[in-house]
Amino acid sequence: MVIVGQHRTLSEFATSAWSGHDQLDGLDAVIMAIAKGSYKVSQKIRAATLADVLGVTGETNVHGEMVQRLDAASSDIFVDILRQCGHVAVIGCEEIEEPVIVGDDPQHAFMVLMDPLDGSSNIDVAVSIGSIFGIWRRSDNDRVTDASLLRPGNEQVAAAYIVYGSSTVLVVATRNSVQGFTLDPESGVFVLTHPDINIPMECPYYSTNEGNFKALNETSRRAVKNLRAAYSQRYVGSLVADFHRNLLKGGIFLYPADRNYPEGKLRLMYEANPLGFVAEQAGGAASTGKQRILDILPEHLHQRTPLILGNRDVVEQTASLIKGG
Ligand code: P6P
């Protein structure tokens, strides 16, 4: 067992937990690629102001949003490193309209959907942002096409996110557990710091943009009022940062459909599905307010969804109120 300080390294954990186990065989290589890419992204973020990589590229992405330079750079970093890892058949990315098809040799066993840099509006003000990954296993022997990626979240074999905050933390969920690894900036090595994460039973926080209250329908307003009465508000405006705090401390994140986003604002395939998978593996839940996020049959790569995410009992109570219960 390899120890850095008093911690197991990600590499050692990955080899022992995520290689050679049928459905997961090769997952260690994919997770190590994500970790390596996040180290590069973390360095760019930490040096962004000095390296003059803040601001926008002048382009807009598939959603008509201004592309931040770091969004584009992060997308390039992760696409390149996932291509090279030799175990990924196809990549879906928030910043890229069409799927990136890598190859369909037998060893290209996984499909990765990612938001390479979420919360980019916070980049210029040095607030925590993140990267999100959903990992599906490719159907054996099927040729890889654009449609290959459109699989429900309940077929994910793993999910991961990185929060670039006061420290850089990688959280990886499989069907067995949720593990947290912190980047040692000196060595560039991720070490196990949060073994076997389970969302706490108590729920001290709710995270929602109260500025949207006036745009909510009546049942969603009732749900928000219920949360206000019971919990303290914490809202960073960066999904990964809000979710990570709620995962470790307990809490609920809520971005319902509203007049501005009738389908919801957040993306199903590379935000709601991966974080919903992490939440469920940690004992929490993820709902649209009408159904389990992971049961949605996707229709297109960049579709949006309402999202209620966190402590299972509070998610279920909030969904019931939104449904009009
Ligand atoms: P609002 C960031 O742009 C993001 O996609 C998520 O990270 C975040 O939770 C949400 O949008 C914030 O949206 O409307 O509250 O600014």
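Which residues does Ser148 touch, not counting those up to four places away in sequence? Select Met111 and Arg143 along with Ser148: those are its contacts (heavy atoms within 4.5 Å). Before moving on, know that this is a predicted model, where local features need pLDDT of at least 70, side-chain atom pairs count only at pLDDT 80 or more, and totals for chains, interfaces and linings use all residues. Numbering runs from 1 along each chain as its sequence is written, and side-chain values use heavy atoms, with hydrogens and water left out.

Stay on Ser148, in the loop between β8 (129-137) and β9 (156-164); strands are DSSP runs of E, at least two residues, numbered from the N terminus. Ser148 counts as buried because its relative accessibility is 15% (buried is under 20% relative accessible area, 1.4 Å probe, protein chains only). Its side chain reaches the backbone nitrogen of Thr145 at 2.7 Å.

Next, select Trp18, Val30, Leu82, Ile135, Leu170 and Phe181. They have the most contacts inside the largest nonpolar core, which has 45 residues; such a core is a set of buried Ala, Val, Leu, Ile, Met, Phe, Trp, Tyr and Cys residues joined through side-chain atoms within 4.5 Å. Helix α2 (residues 27-46) gives the largest share, eight residues (helices are DSSP runs of H or I, at least four residues). Zoom in on Trp18: beyond its neighbours within four places in sequence, its contacts include Leu10, Phe13, Val172 and Phe181.

Last stop: a second, separate core of 40 residues, with Leu113, Ile132, Leu294 and Ile296 among them.

Methods: Buried means under 20% relative accessible area, exposed over 50%, partly exposed in between (1.4 Å probe, protein chains only). A polar contact is a pair of N or O atoms within 3.5 Å; within protein, one must be able to donate a hydrogen and the other to accept it, and residues adjacent in sequence count only if both atoms are side-chain atoms.
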